[in-house]
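Colleague: Could you take me through this model with some care about how each term is defined?

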Amino acid sequence: MTELDTAPTPGSGTVPAARRPVVISDPQAIRALAHEARLEALEELYASQSTRTATELASRCGLTPSAMSYHLRALEKYGFVERSPSEGDGRERRWKAAGYSLLVDSLNHTPASKQAFIDVQLNTFRDRIMKEVARREAEDKLLRQAAEEAVATARDANAPLDARDIGVHEPGRRRPPVLSTGMVFVNAEQRAEFQRRLAALIDEFEELNPASERSVDAERVYYLVSVLADSAPETPGHA
């Protein structure tokens, strides 16, 4: 999990060391994050809490293993990732996340570096949304074709057509939304509870499968959560 937030005060937390985030406060380090392949690799390592080789990460990022190795060395330089003891025959180096999550301190960075980081994050998620839209459209097209073929076959055979046979091919069936946005009216206390419950739900599902089951080929579901307070401009004439 990669987050952009205000860094916690050192020594103020009670989170166990194994679950503490890697806090990034160096402006140069955050600029190193403004790269899609690096963010993809970080997301894979931090979410899986497992080791990966450059070849495995390259397959997910659309890069060559040598290019991925270059990016991993750059991420290692800033403390994002670490080298892991070799497994098996040890012919290829393995990498792991340097902590449980990656927290980017938003206070000490230039506007340009923060903008670059946010742009890469949002562009990556935009690409995922469009790929999912395209996948669903292609799936619906195949379902429509199957339904049309079922109707034609029944008509040619002069046989009754069971509506249930068409129903299984019917597009537009209930599916989770590709993107959902909204607004709730809450006071400060309710907002804190809202955020707490969201975080608890994410934690619950992140713990469902142990790291041993988070292989490079395992099924994934991506999410993007942002809870923003109303930042509407003040009405002219009001303090």
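Predicted model: local features only at pLDDT ≥ 70, side-chain atom pairs only at ≥ 80, totals over all residues.

Colleague: How do helix H2 and helix H4 pack, roughly parallel or roughly perpendicular?

Modeller: Helix H2 (residues 36-48) and helix H4 (residues 65-77) have axes 10 Å apart and an angle of about 70 degrees, where axes are lines fitted to C-alpha atoms, for helices over the stretch in contact, and angles run from 0 to 180 degrees between N-to-C directions. Angles under 35 degrees count as roughly parallel, over 145 as roughly antiparallel, 65 to 115 as roughly perpendicular and the rest as oblique. The angle therefore makes H2 and H4 roughly perpendicular.

Colleague: Is isoleucine 24 buried or exposed?

Modeller: Buried means under 20% relative accessible area, exposed over 50%, and partly exposed in between, with a 1.4 Å probe and protein chains only. Isoleucine 24 has a relative accessible area of 4%, so this residue is buried.

Colleague: How far apart in space are isoleucine 24 and leucine 103?

Modeller: Isoleucine 24 and leucine 103 are separated by 79 residues in sequence, yet their C-alpha to C-alpha distance is 6.3 Å.

Colleague: And how does leucine 122 count?

Modeller: Leucine 122 has 41% relative accessibility, and therefore it counts as partly exposed.

Methods: Residues numbered from 1 in each chain as written. Heavy atoms only, no water. Helix = DSSP H or I, 4+ residues; strand = E, 2+ residues; numbered from the N terminus.
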